[in-house]
Amino acid sequence: MCLMEDWKMILIKHAEVYVPRSIGIKDVLICGGQIEAIEDRISLPLPSCHVIDGTGKLLVPGIIDPHVHVTGGGGEGSFHTQVPPVTFSDLIQGGVTTVVGLLGTDGITRSVENLIARVKALKEEGISAYACTGSYGYPPITLTGDVKKDLVFLEEILGVKLALSDHRAPNVTTAELIRLGSDARTAGMLSGKCGIVVLHMGDAPSGLAPVREALAQTAIPAKIFHPTHVNRRQELLEEGFAFARQGGFIDLTCGIDGAGRPAACIMEAIERGIPTEQITISSDGMGSWSTYDESGSLLAIGYAPVDTVFQEIKTLVREYQLPLEKALCFATCNTARSLELFPKKGCVQTGSDADLLLLEEDLSLHTVLAGGRRMMEDHVLLQKGTYEL
């Protein structure tokens, strides 16, 4: 059970700090859920201050996962294949301190009400949690009956979800996509949010053509459309790279192997001069994966874990020799900027939320802080979800 500790000061001593750029060995003081100070040396002889020894360790921003099916995904193989909701401890052990929940194929047995309730529960248990209204379908399912009202009046809602170029997609017209993008843009401006349209991208040859058409016909900024799963096939990745050059954000799904592995795609982007600040990675956690034969019959089904973003960062560093400060960006500052949460999230600086990971030199998790509270320390999980054993 998650029993939240009272607000207290935490002092992390002698850690190598990544903001995500490395700034050397520092002491970091946390108070009231935020980073209060970052100095070469901080001395506080206060009995109420909890001290964590960061000697030989790396202090980095907490992971922001922008694509998790927090209520569970699946159901495409009938009711018994519905995936259970994400657990709080799985998120923490995956280094996730901020999560964006959304629905997928199933906008029928699952609802925005379910989604918001689960997001609120995760917030109460101790991490930052947001959501997107809608699902694969069109018109989008909503809580208020209107996408704009969901965005404006529900504090957790950052945008809307839609499927494109997929056999399960609603096959919207360009005009419908434009209307959805305009609604999200306007409501985001009115509510001080990013107002995005998260696009589940499938395998159909149409790819990102509907987005290109929408942008060509309007003044909607490219940053409003967030295509995800763009690494599922090479042709779609090429379109994604072109979209990133236009100023759009593209999201790579972890757990895909081979040429589509996010780490491999990122290294290709770097080599080709693609603006990597426009690239994010996500787990698609608790979302089902499925394979079909040529007739469209289901062959296999499963679901994705929520620790794959952290694993992909380690892969970038260990297997591809990308410096940690660059590898971190794809799950921290890039994602925070795409969601317009930076610098509250996605960095280590004075005034930012104290969402922090303390890593061993081998990049294993030592400590997780979310909102200035200790969720894990010295490799021991301290907080669990309310009904977790």
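Which element supplies the largest share of the lining of the second largest pocket?

**View 1. Overall chain of the predicted model****.** The chain contains 10 helices and 19 strands. Its C-alpha atoms occupy a box of roughly 65 × 45 × 45 Å along the principal axes. A compact globule of 389 residues would have a radius of gyration near 21 Å, and the 20 Å of this chain agrees with that value. Of the 389 residues, 59% are buried. Where contacts in the chain link residues at least 6 apart in sequence, 70% of them join residues at least 24 apart. The accessible surface of the chain amounts to about 15700 Å², and carbon and sulfur atoms account for 52% of that surface.

**View 2. The largest pocket, with a volume of about 820 Å³****.** A total of 39 residues line this pocket. Those lying nearest its centre are Arg232, Asp284, Ser288, Trp289 and Ser290. Strand S14, which spans residues 288-292, gives the most to the lining of the largest pocket, contributing 5 residues. By residue class, the lining of the largest pocket comprises 21 polar, 9 nonpolar and 9 charged residues.

**View 3. The second largest pocket, with a volume of about 330 Å³****.** The lining of the second largest pocket is formed by 21 residues. Lys123, Ile127, Ser128, Lys345 and Asp353 lie nearest the centre of this pocket. Helix H2 (112-125) and strand S8 (128-134) each provide at least two residues of the lining. Strand S8 supplies the largest share, 3 residues, which answers the opening question. The lining of the second largest pocket divides into 9 charged, 6 polar and 6 nonpolar residues.

**View 4. The largest cavity, with a volume of about 140 Å³****.** Across the whole structure, a search finds 3 cavities of 30 Å³ or more. The largest cavity is lined by 16 residues, and Pro66, Ile196, Val198, His226 and Asp251 lie nearest its centre. Four strands each supply at least two residues of this lining: S6 (63-68), S10 (196-201), S11 (225-228) and S12 (250-253). Strand S11 gives the most, with 3 residues. The lining of the largest cavity consists of 10 nonpolar, 5 polar and 1 charged residues.

**View 5. The second largest cavity, holding about 40 Å³ of space****.** Among the residues that line this cavity are Pro61, Gly62 and Ile64, together with Thr97 and Thr98. The lining also includes Lys344, Lys345, Gly346 and Cys347, as well as Asp353 and Asp355. By class, 3 of the lining residues are nonpolar, 4 are polar and 4 are charged. Lys345 and Asp353 belong to this lining and also lie among the residues nearest the centre of the second largest pocket.

**View 6. Ser111 in the loop between strand S7 and helix H2****.** Strand S7 covers residues 96-101, and Ser111 lies in the loop between this strand and H2. Is Ser111 buried or exposed? Ser111 has a relative accessibility of 19% and therefore counts as buried, since the class requires a value under 20%. When neighbours within four places in sequence are left aside, Ser111 is in contact with Leu103 and Ile141. Helix H2, at one end of this loop, is also one of the elements that supply at least two residues to the lining of the second largest pocket.

Conventions:
Residues are numbered from 1 along each chain as its sequence is written. This is a predicted model: local features need pLDDT of at least 70, side-chain atom pairs count only at pLDDT 80 or more; totals for chains, interfaces and linings use all residues. Side-chain values use heavy atoms; hydrogens and water are left out. On a 1 Å grid over the protein atoms alone, a cavity is a set of points where a 1.4 Å probe fits but cannot get out, and a pocket is an open set with protein on both sides within 12 Å along at least five of seven lines; lining residues have an atom within 4 Å of a point. Grid points are joined across faces, edges and corners, and a volume is the space filled by probe spheres set on the points. Ala, Val, Leu, Ile, Met, Phe, Trp, Tyr, Cys and Pro count as nonpolar, Asp, Glu, Lys and Arg as charged, and the others, Gly among them, as polar. Buried means under 20% relative accessible area, exposed over 50%, partly exposed in between (1.4 Å probe, protein chains only). Contact means heavy atoms within 4.5 Å. The radius of gyration is taken over C-alpha atoms; the globule rule is 2.2 Å times the number of residues to the power 0.38. Accessible areas come from the Shrake-Rupley method with a 1.4 Å probe; for residues, only the protein chains shown count as cover.
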